[in-house]
Amino acid sequence: MKLFLIGFMGSGKTSLGRQVAYMLGWRFVDMDKEIERSCGMKVSEVFATHGEDHFRKCEQDILRDVCSGEGDTVVSTGGGAPCHGDNMQAMNRMGRTVYLRMSPAKLVARLEHGRDKRPKIQGMDDARLLAYIREALPGREEYYGKAHLIIDCDGASDQYICEHIVRFAAECRSDETNR
Ligand code: S3P
């Protein structure tokens, strides 16, 4: 089974995904890392050298590979992945999706570090970042909102979120077995 973690930049997809995979004893795949491996450069360099359209094409190719791969896997997606092409439908068809929902204010706080490696928000101060998230999030939530499970992460501990996801994975597994 594939379990896809989706959500805005800074919502914790990678760190929570790694912990959940460890708790479940599943494989962990970080899509941005896979893109970097396949392109031989950092995400920010892919954007700068080849542009966003090329990045989205690589992202879709990697998603296709992940979906067709064998074994139980937790997949941390890039924040924009569900919102391009038919990626969201593909993830919902090939596995289970979990949206880590977080408010703009919380996202800004969590993105205190790590803005520079993210081309969409490089160089933004807090006020600009907050405005950017407030503008971008509603459009993205049209896709994120199609997830099988939505977790409100504001104020929730990592442990609570991980346990929630692990329980959900176990329920999906038993649904599959009983089908
Ligand atoms: C992006 C999010 C990033 C990365 C790229 C574009 C986006 O991933 O894929 O910089 O469009 O939201 P994270 O969500 O892991 O930061």
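1. Leu129 belongs to helix α7, which covers residues 126-144, in what is a predicted model. With a relative accessibility of 0%, Leu129 counts as buried. Leaving aside neighbours within four places in sequence, its contacts are Val108, Leu111, Arg115, Ile121 and Met124.

2. Lys120 is placed in the loop between α6 (104-110) and α7. Its relative accessibility is 28%, so Lys120 counts as partly exposed. Which residues does Lys120 contact, leaving aside its neighbours within four places in sequence? They are Met9, Phe47, Glu52, Arg56, Tyr132 and Arg140. One of these, Phe47, is 73 residues from Lys120 along the chain, and the two C-alpha atoms are separated by 9.1 Å.

3. Helix α3 (residues 43-50) packs against helix α4 (residues 52-68) at an angle of about 130 degrees, and the two axes are 7 Å apart. The two helices are therefore oblique to each other. On the α3 side the contact is made by Val43, Val46, Phe47 and His50, and on the α4 side by Glu52, His54, Phe55 and Arg56. Phe47, Glu52 and Arg56 are also among the residues in contact with Lys120.

4. Helix α4 also packs against helix α2 (residues 31-39), here at an angle of about 110 degrees with the axes 10 Å apart. This pair is therefore roughly perpendicular. From α2 the contact involves Met31, Asp32, Glu34, Ile35, Ser38 and Cys39; from α4 it involves Phe55, Cys58, Glu59, Ile62 and Leu63. Phe55 was also listed for the contact with α3.

5. Glu59, in helix α4, deserves a separate remark. Is Glu59 buried or exposed? At 1% relative accessibility, Glu59 counts as buried. Not counting residues up to four places away in sequence, Glu59 touches Met31, Ile35, Gly78, Gly80 and Ala81. Met31 and Ile35 are part of the α2 side of the contact described above.

6. The number of disulfides in the model is zero. Cys39 is in no disulfide, and the nearest cysteine sulfur, that of Cys58, is 3.6 Å away. The cut-off for buried is under 20%.

7. Helix α1 comprises 12 residues, 13-24. At 1.5 Å a residue, α1 should span 16 Å, and its end C-alpha atoms are 16 Å apart, which agrees. The buried residues of α1 are Lys13, Leu16, Gly17, Val20 and Ala21. Seen down the helix axis, these residues fall within an arc of 135 degrees, so they line one face of α1.

8. What do the buried residues of α1 pack against? Their partners are the strands β1 (2-6), β2 (27-30), β3 (73-76) and β4 (96-101), together with helix α8 (158-178). Just after α1, Gly25 adopts a positive phi of about 75 degrees.

Technical notes:
Residues are numbered from 1 along each chain as its sequence is written. This is a predicted model: local features need pLDDT of at least 70, side-chain atom pairs count only at pLDDT 80 or more; totals for chains, interfaces and linings use all residues. Side-chain values use heavy atoms; hydrogens and water are left out. A disulfide is a pair of cysteine sulfur atoms within 2.5 Å. Helices (H or I, at least four residues) and strands (E, at least two) are DSSP runs, numbered from the N terminus. The expected span of a helix is 1.5 Å times one less than its number of residues. Buried means under 20% relative accessible area, exposed over 50%, partly exposed in between (1.4 Å probe, protein chains only). The arc is that of the directions from the helix axis to the C-beta atoms. Contact means heavy atoms within 4.5 Å. Axes are lines fitted to C-alpha atoms, for helices over the stretch in contact, and angles run from 0 to 180 degrees between N-to-C directions. Angles under 35 degrees count as roughly parallel, over 145 as roughly antiparallel, 65 to 115 as roughly perpendicular and the rest as oblique.
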